[in-house]
Amino acid sequence: MGRLSKSSDAESKISKCRDSGGTSLDLESLGLQSVPEEVRQLRNLKRLDLSNNRIEDLPRWIGELANLDALYLHGNPLRTIPASIQQLSALRILIIARAHASAASESIGNLLGLRELALADLGLRTVPEWVRRLRNIETLYLFGNGLASVPKWLSELSTLTQLSLENNQLRSLPASLKELGSLRFLSLEGNPLLSLPAEIARAGDARKILRYYFRMANGGAAQPLNEFKLILVGRGGVGKTSLVHRLVNDRYKEFRRTPGIKITKWPMRLGRDDVLAHVWDFGGQEIMHGTHRFFMTERALYLVLISGREGTEDYDADYWLSLVRSFAGADVPIIVLHHKTSDWSFELNRELLRKKYGRTLSFLETDSETAVGISELRERIGRLARSLPGLKSSWPMAWRRVKEQLPRKRKSWLTFDGFRTFCTQQNVTERKEQDDLAESLHDLGLMLSYRKDEGLREFGVLNPQWVTNGIYRILNSEKLRKAGGKFTVKAFGGILLK
Ligand SMILES: Nc1nc2c(ncn2[C@@H]2O[C@H](COP(=O)(O)OP(=O)(O)OP(=O)(O)O)[C@@H](O)[C@H]2O)c(=O)[nH]1
Ligand SMILES: [Mg+2]
């Protein structure tokens, strides 16, 4: 009954339009499976609304409605648009949405007079190339597709004032969008990978969004993080902590021995880049050597400090270099410092050490008290840092957000699944990407995650400062020393909670 009345609805609307010579016909939501043949006679039609029916195919004669100005087709399971559509040279508005991707047919690209076009909710993976020909387009709706990118050439559509791209999978925006001088309204909500703040995306102000995206968010796209890890090793009292102070603050100062690891942030300027070094200063006392290996990561830059004061320089060089090589690998750059040179002068067999420990060794004479060699050292650290694989690798906005938000979690320990959940909340959703991010954060020393080590995998993700504090507090415990190194689990807790 409902269907009958609806189709007779259509009939009466059509005949009314015909009799009055009307220019607008509304056949919306009438359950139509095809366009009624009678419409073909309505040669005066300017506006035809066929939205929300069940039409799969448009008839070829649609091209005969030569006066059509606006055609609404959204909400039909359309599969194709006949090529005859290109005869509608007066068409200014064409709305296709919630149909099959094949409905975005190439012949639409010949409708050069189009001012408004919707290709929305079609499951398109890319913007069809033929859209490029629509040089008079003002409003383009592309929402609800699976678009991963916006083509650069979109900037050629210089008459565009409104661009709607919400609910896609956009990963970045091309800089060429800034050239769209007439663009007023840009909607990008529902593209989580762009990491636009909701309040900016919601407002839809094209200028504001693009300004934010390209200036404030540094391109939103992947940018190098410009951070690296610098590790200092050498026997107790060789001058590591004083050297860090000299490098970072350009002053000389004496320190107590370092009970564990001291992590310092050192902002530096490398050419035109602001770079941040995470400096790990290892306590040199022997009891701690065994655990240092857990923190000697790959993709870091190493300083091995040697002094001649104890007369053990050859032994020390061998000892520390072999430690770095076995735990950080054959490729990490190492600067061997003849340190405290103002105090003791000595020679190392550089050739022999190079042969034994590889070509990435270099040597320098330094002294923190007199500042001898310090500016050369800074310069060399900068140069070698540039060659580290991590320094220039890309960090998408979402990765940066994980890096910034992770410490705010105020949790020193997370299971790896917990880390994955946290990443997903920050829009790093792919497992592989989460693995890569964990590795990068580990390399930078911003968290610890031993994914490659069977025995340590289970520990998930750890806050380095918390772990090192705990470990070295135990190793340096007076109580433990008195007990000859034996301890109970209870005593263990007692030391940690002290
Ligand atoms: N002449 C001279 N003495 C230095 C220099 N740097 C450090 N010292 C002396 O060596 C002592 C130890 O220096 P630190 O920097 O604390 O040594 P460290 O390698 O950090 O020692 P641990 O933390 O125990 O591993 C200082 O207290 C100074 O007396 C230097 O550049 N020249
Ligand atoms: Mg120290």
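Domain bounds here come from an automatic or database domain assignment, and by that assignment the protein is divided into domain 1 (2-219), domain 2 (226-386) and domain 3 (396-462). The structure is a predicted model, in which local features need pLDDT of at least 70 and side-chain atom pairs count only at pLDDT 80 or more, whereas totals for chains, interfaces and linings use all residues. Residues are numbered from 1 along each chain as its sequence is written, while chains are lettered from A and ligands numbered from 1 in the order in which they are written.

**Domains and ligand**

- The C-alpha centres of domain 1 and domain 2 are separated by 63 Å.
- Ligand 1 is surrounded by 21 residues, a residue being near a molecule if its C-beta atom, placed from the backbone, lies within 6 Å of it; the closest are Gly 239, Thr 241, Arg 257, Thr 258 and Gly 284.
- The shell around ligand 1 comprises two nonpolar, 12 polar and seven charged residues, where Ala, Val, Leu, Ile, Met, Phe, Trp, Tyr, Cys and Pro count as nonpolar, Asp, Glu, Lys and Arg as charged, and the others, Gly among them, as polar.

**Helix H8**

- Helices (H or I, at least four residues) and strands (E, at least two) are DSSP runs numbered from the N terminus; H8 (residues 374-387) has 14 residues and reaches 20 Å from its first C-alpha to its last, close to the 20 Å expected at 1.5 Å a residue, the expected span being 1.5 Å times one less than the number of residues.
- Leu 377, Ile 381, Leu 384 and Ala 385 are the buried residues of H8 (buried means 20 or more other C-beta atoms within 10 Å of a residue's own, exposed 12 or fewer, and partly exposed in between, with C-beta atoms placed from the backbone).

- The buried residues of H12 (residues 464-475) are Pro 464, Val 467, Thr 468, Tyr 472 and Leu 475, and they cover an arc of only 110 degrees around the axis, which puts them on the same side of H12.
- Their cover includes strand E11 (261-270), helix H5 (289-292) and strand E18 (461-462).
- Thr 291 is found in helix H5, and Thr 291 is partly exposed because 17 other C-beta atoms lie within 10 Å.
- Leaving aside neighbours within four places in sequence, Thr 291 is in contact with Ile 471 and Leu 475 (contact requires C-beta atoms, placed from the backbone, within 7 Å).

Note on methods. The arc is that of the directions from the helix axis to the C-beta atoms. Two residues are in contact if their C-beta atoms, placed from the backbone, lie within 7 Å.
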